[in-house]
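Have the sequence and the model open side by side as you read.

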Amino acid sequence: MSRPTRPGAVPSGRRITAALALGTAVLSGLAGCRSEMYDQPRYDTFQASAFFPDGLSARPLVAGTVPRGWARQDEHLYYGRVDGALASTFPFEIDRAVIERGQDRFMAFCSPCHGGLGDGNGMIVQRGLPKPPSFHEQRLRDIPVGHIYDVITRGYGAMYSYAHRIKPRDRWAVVAYIRALQLSQNAQVSGLPEADRERLEQPQEAAQ
């Protein structure tokens, strides 16, 4: 026997059919909206255009346009080069504040791979990933500072670009800190100031 229904009640089969029809209509409407937004009329890069006399969709900059913050006219600062060659000098004075800023950025972005000492024994290397070269290898101690800046900017080998993560002046600060690391691990006692040499000799004299 079929179950009795209340007077005026819609049979369950009709309710299911109505719900499915409503759901289909809603989904169709949503799909239509997405399609219109996703496939809206536009020019693709370098696509030809019959609208402009020169047949190009890409338009030149309006005469007198002044770039704000993106001129990149200082080749030394922004590209690490001088007259097209990798720079051997820094584009601004390096002081203690720059070194400390470089240390901060190095520890945040570089130490996971290169290690806190720049020896290539960072945490991801300890977890099994390939080891980068040590900054203390002679060939990396001899390369110009512009090369290090260029690698940070453009990436090299397995290392990807950090151009969108580290600002240009901060990249130079990182380079300065790397140079400081290289000096700290390879400095000769004879090259230290007299006061520093005396401090190094004091513990040895006390031990004797």
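Predicted model: local features only at pLDDT ≥ 70, side-chain atom pairs only at ≥ 80, totals over all residues.

Is H6 mostly covered or mostly uncovered, and how many of its ten residues are buried? Mostly covered: eight of the ten are buried, where buried means under 20% relative accessible area, exposed over 50% and partly exposed in between (1.4 Å probe, protein chains only). These eight are Val145, Gly146, Ile148, Tyr149, Asp150, Val151, Ile152 and Thr153. Their cover includes H2, strand E1 (81-82), strand E2 (85-86) and H7.

Residues are numbered from 1 along each chain as its sequence is written, and side-chain values use heavy atoms, with hydrogens and water left out.

Stepping back, the protein has eight helices and two strands, in the order α-α-β-β-α-α-α-α-α-α from the N terminus. Helices (H or I, at least four residues) and strands (E, at least two) are DSSP runs, numbered from the N terminus. Of the 208 residues, 23% count as buried. Among the contacts (heavy atoms within 4.5 Å) with a separation of 6 or more, 47% join residues 24 or more positions apart.

Now look at how H3 and H7 meet. Their axes lie 7 Å apart, at an angle of about 95°; the axes are lines fitted to C-alpha atoms, for helices over the stretch in contact, and angles run from 0 to 180 degrees between N-to-C directions. The two helices are therefore roughly perpendicular to each other, the term for angles of 65 to 115 degrees, with those under 35 roughly parallel, those over 145 roughly antiparallel and the rest oblique. From H3, the residues in contact include Val98, Ile99, Phe106 and Cys110, and from H7 they include Ala173, Val174, Tyr177 and Leu181. By class, this contact has eleven nonpolar, two polar and three charged residues. Here Ala, Val, Leu, Ile, Met, Phe, Trp, Tyr, Cys and Pro count as nonpolar, Asp, Glu, Lys and Arg as charged, and the others, Gly among them, as polar.

Next come the pockets. A pocket is an open set of points on a 1 Å grid over the protein atoms alone where a 1.4 Å probe fits, with protein on both sides within 12 Å along at least five of seven lines; lining residues have an atom within 4 Å of a point. Of its 26 lining residues, His114, Pro132, Pro133, Tyr156 and Met159 are the closest to its centre. H3 gives the largest share of the lining, five residues, and the lining divides into 21 nonpolar, three polar and two charged.

The second largest pocket holds about 230 Å³ of space. Its lining includes Trp70, Tyr78, Thr153 and Arg171, and H2 (75-79) and H7 (168-186) each give two or more residues to it. This lining has six nonpolar, two polar and four charged residues.

Finally, visit two loops. Phe46, not a glycine, has a positive phi of about 65°; its place is between H1 (12-38) and H2. Asp83, in the loop between E1 and E2, is not a glycine either, and its phi is positive at about 55°. Phe46 counts as exposed at 77% relative accessibility, and Asp83 counts as exposed at 76%.

Notes:
Points joined across faces, edges and corners; volume = space filled by probe spheres on them.
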